[in-house]
Amino acid sequence: MIIQPIVDLAAICARKGIKNIILSPGSRCAPITLAFARHPELHCRTISDERSAAFIALGMAQQLKKPVVLVCTSGTAALNYAPAVAEAYFQQIPLLVITADRPAEWIDQWDGQTIRQEKIYGNHIKSSYTFPDEFSTDDKIWHAHRIINEAINNSSNFPAGPVHINIPLREPFYPDVNEAFNYALPVPIVDQVQSEITLGEEAKIKLKNTLERFNRILIVPGQQTPCRKSQEFIDQIAKRHQAVVVTDTISNLQSEHTINYHDQFLPIYGHGELYPDLIISFGKSIISKSLKLFLRKSGAEHWHIQPGGYSPDTFQGLSKLIDSSSTSFLKFLSESLQAKESEFSKAWKVANESIGHSLPEALENAEFGEWKAIETILNKVPEHSKIHLANSMAVRYVNFLGPRKQEIICNRGTSGIDGSNSTAVGCTFTTKDFVTLFTGDLAFFYDRNAFWHNYTYNNLRVVLLNNHAGGIFRLIDGPSRQPELEEFFETKQSLNAENLAKDFNFHYSAASNKEGLDEALRDFYHPSIRPRLLEITSESTQNTNILKIVKDYLLTILKK
């Protein structure tokens, strides 16, 4: 039996510009799966592991900036979407999460593969809908169509995010052999016209007058995708010394004009001379804990720029929420702020340049380890490509090393290690450019099912930092001083990736010294019919010692 409103669900998605569907196998979801799979304009992929499937969809939606559909069966399958749903919520990435379910009367009745699925994602979803479970009246069909349109629109409205449709299904729900799906029936399409939010003239006058009270303005962009216009305004403001611009690698706004090495010098050099009296931020989270602590301690007033939605008081000084696009506000700043180099901007510039000039020499003289290996590999990554960073040390190493020309992507919404592989794989499905994933061993092996499918991703390059432990815990004061460090915090493991590479048809190479790394990189970025995996082996204690030696060297430079 064909359930026409389920067929209409696929038809409305296609007509509203959604083209990519990630399906996970199951029986209860069969009507939904078939409706999407048989639609001639939709591109469907099957990923068996729902946790991996959700992160793959997230990786695609990050790049496409359009909703990607997820479909799974009833029961715990839906729970496996939860980590990626939470990440999408805090990263503001549009996902349309569709879960099949039993009818309401069978919930809590010990029926097979049945859990409480309504509002299953709690506070980590933009909105949740329950589809009608029967369509005996026109109003029920109208309600189904309304839910589909509203859910798709809501997923894309600022701030974008995941939206959930739970669909209770009654048997029989498999089509008969001779039944055909009809995607051409008239269905209502509700399009939402969005426009950029800009400052009005009265607001500009008031803000310009208020800006005259401040002499030490710090602009702090958070995580966002690359934006050419924002970069132009940021560089213009920084070059004219209208404000100091401090950028993490995930802001995708680093340049020769911005402050890029703050994570190195603030813990040892941050003091009153660098304190701002006004912080202007836009985008989402920042990586650097040192920067966050420094700005909280500064006592500066804080303005945050975004078109709408809630805004966290990250630096404990929030005084203005300004409803505007970041590019519009940056243009206003470039036209309103005085162009003049101050002692404040000089102090930031001197500290930044001291690290920028000294870091290459410090790394050149250091022993081989993860930091030095990443620096070497980053110099080989093609400019027109994308870099995915796993959480823990990978993102921090890259942030330490300064500006990159490639787009930087990292799951900093929840900052978990789960899903790093899958997110990078999802990215490869959207581009022919190389996608390089830098990851640690725990994140990598935790998400190995990212590669358990039948699709081509030969543009993927994985750099695996295998120190056989969670090395970041040696850098955190609390766990590093505990006798249980190695067993309960680092989670020692003895795996290497060679067998995994064989299982999933990767070209595999390994390196434990500079000579081996140079050899492995010789053809690492050559076009290939298989993805490539480069495993860097090192010792956790050695990496910690190298970090300490390099930081001590930089401290002596700053003190001169």
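Strand β15 (residues 460-466) and strand β17 (residues 532-537) run parallel and are joined by 6 bridges. Within this pair, Val-462 stands opposite Leu-533 of β17. Helices (H or I, at least four residues) and strands (E, at least two) are DSSP runs, numbered from the N terminus, and two strands pair if DSSP finds at least two bridges between them.

The model is predicted: local features need pLDDT of at least 70, side-chain atom pairs count only at pLDDT 80 or more, and totals for chains, interfaces and linings use all residues. Residues are numbered from 1 along each chain as its sequence is written, and side-chain values use heavy atoms, with hydrogens and water left out.

## Two open sheets

Strands β15 and β17 belong to an open sheet of 6 strands, ordered β13-β12-β14-β15-β17-β16, in which the pairing is parallel. The edges are formed by β13 (407-410) and β16 (507-511); each has a single partner strand, so one side of each is left without a neighbour in the sheet. On average, neighbouring strands of this sheet are turned by 20° against each other, direction ignored. Axes are lines fitted to C-alpha atoms, for helices over the stretch in contact, and angles run from 0 to 180 degrees between N-to-C directions.

A further open sheet of 6 strands has the order β2-β1-β3-β4-β6-β5, again with parallel pairing. Here β2 (43-46) and β5 (127-130) stand at the edges, and each has a single partner strand, so one side of each lacks a neighbour in the sheet. The twist from one strand to the next averages 20°. In this sheet, strand β4 (residues 95-101) pairs with strand β6 (residues 162-168) in the parallel sense over 7 bridges, and Ile-98 stands opposite Ile-165 in β6. Helix α3 (residues 50-64) packs on the sheet, where it touches β1 (20-23), β2, β3 (68-72) and β4, and its direction makes about 170° with that of β3. Contact means heavy atoms within 4.5 Å.

Helix α5 (residues 82-91) has the buried residues Ala-84, Val-85, Ala-86, Glu-87, Ala-88 and Gln-91. Buried means under 20% relative accessible area, exposed over 50%, and partly exposed in between (1.4 Å probe, protein chains only). These buried residues of α5 pack against α3, β4, β6 and β13. Just after α5, Gln-92 takes a positive phi of about 60°.

Strand β9 (residues 278-282) is mostly covered, with 5 of its 5 residues buried. In a regular strand the side chains alternate between the two faces of the sheet. In β9, Leu-278, Ile-280 and Phe-282 point one way, whereas Ile-279 and Ser-281 point the other way.

| Partner of β9 | Number of bridges | Bridge partners |
|---|---|---|
| β10 (residues 301-306) | 5 bridges | Phe-282 and Ile-305 |

## Helices α12 and α13

Two packed helices are described by the angle between their axes and the distance between the axes. The axes of helix α12 (residues 343-364) and α13 come within 10 Å and cross at roughly 115°. The contact involves Leu-359, Pro-360, Leu-363 and Glu-364 of α12, together with Trp-371, Lys-372 and Glu-375 of α13. Helix α13 (residues 370-378) is mostly covered, as 7 of its 9 residues are buried. Among them are Trp-371, Ile-374 and Leu-378.

## The loop between β8 and α9

Gln-254 lies in the loop between β8 (244-245) and α9 (262-269). Gln-254 counts as buried because its relative accessibility is 9%. A polar atom of its side chain lies 2.8 Å from the backbone oxygen of Thr-247. A polar contact is a pair of N or O atoms within 3.5 Å; within protein, one must be able to donate a hydrogen and the other to accept it, and residues adjacent in sequence count only if both atoms are side-chain atoms. Residues up to four places away in sequence not being counted, Gln-254 touches several residues, including Gln-231, Asn-260, Asn-399 and Arg-404.

Ile-250 is found in the loop between β8 and α9, and Ile-250 is buried, with a relative accessible area of 0%. Leaving out residues up to four places away in sequence, the contacts of Ile-250 include Gly-222, Ser-285, Val-395 and Cys-410. The C-alpha atoms of Ile-250 and His-384 are separated by 17 Å, and the two residues are 134 residues apart along the chain.
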